[in-house]
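Here is a colleague's note for a first reading of the structure below. Please keep the model open while going through the numbered points.

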Amino acid sequence: MDRIALRGIRVHARHGADPGERERDQIFVIDVEAELDLSSAASSDDIGKTVHYGDLYRRIVASVRERSHALLERVASDVLAEIFSDARVERARVTVAKPELLDGATPSVTLERENPRRRSVP
């Protein structure tokens, strides 16, 4: 299956379960992969036949910035919802990391799901 990936999306946001974490901005690093058939885009050179990664990037950043959740799992779920708003996407993987939370380790959560809205597009 073909993939579109965005790696190292850095967002300042307020998510966290521990006291005080949601009172200040922290860095979150997000990696996404969206699986879909890119053969039509490759043969036509038509951006309308693919997921516009610039638009996807902007939607992901807005989603992560505008909401506040306790768990990385919920943040990753919101990002999946943004990816799955395009029904051509068959499956996606999202990793959300908090690189500045722990000294010596970077906690992250990865969700991989099939798109519940999936439809075949010629």
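1. Across which strands does helix 3 lie? Helix 3 (residues 72–83) lies across strand 2, strand 3 and strand 4, and runs at about 145° to strand 3. Helices (H or I, at least four residues) and strands (E, at least two) are DSSP runs, numbered from the N terminus; axes are lines fitted to C-alpha atoms, for helices over the stretch in contact (heavy atoms within 4.5 Å), and angles run from 0 to 180 degrees between N-to-C directions.

2. Please bear in mind that this is a predicted model, in which local features need pLDDT of at least 70 and side-chain atom pairs count only at pLDDT 80 or more, while totals for chains, interfaces and linings use all residues. Residues are numbered from 1 along each chain as its sequence is written, and side-chain values use heavy atoms, with hydrogens and water left out.

3. The four strands form an open sheet in the order 1-2-3-4 with antiparallel pairing, where two strands pair if DSSP finds at least two bridges between them. Strand 1 (3–13) and strand 4 (108–114) are the edge strands, each pairing on one side only.

4. Strand 2 and strand 3 run antiparallel and are joined by seven bridges, and Ala34 has Ala92 in strand 3 as its bridge partner. Strand 3 (residues 91–97) also pairs with strand 4 in the antiparallel sense over seven bridges; here Thr95 stands opposite Thr110, and Ala97 has Ser108 as its bridge partner.
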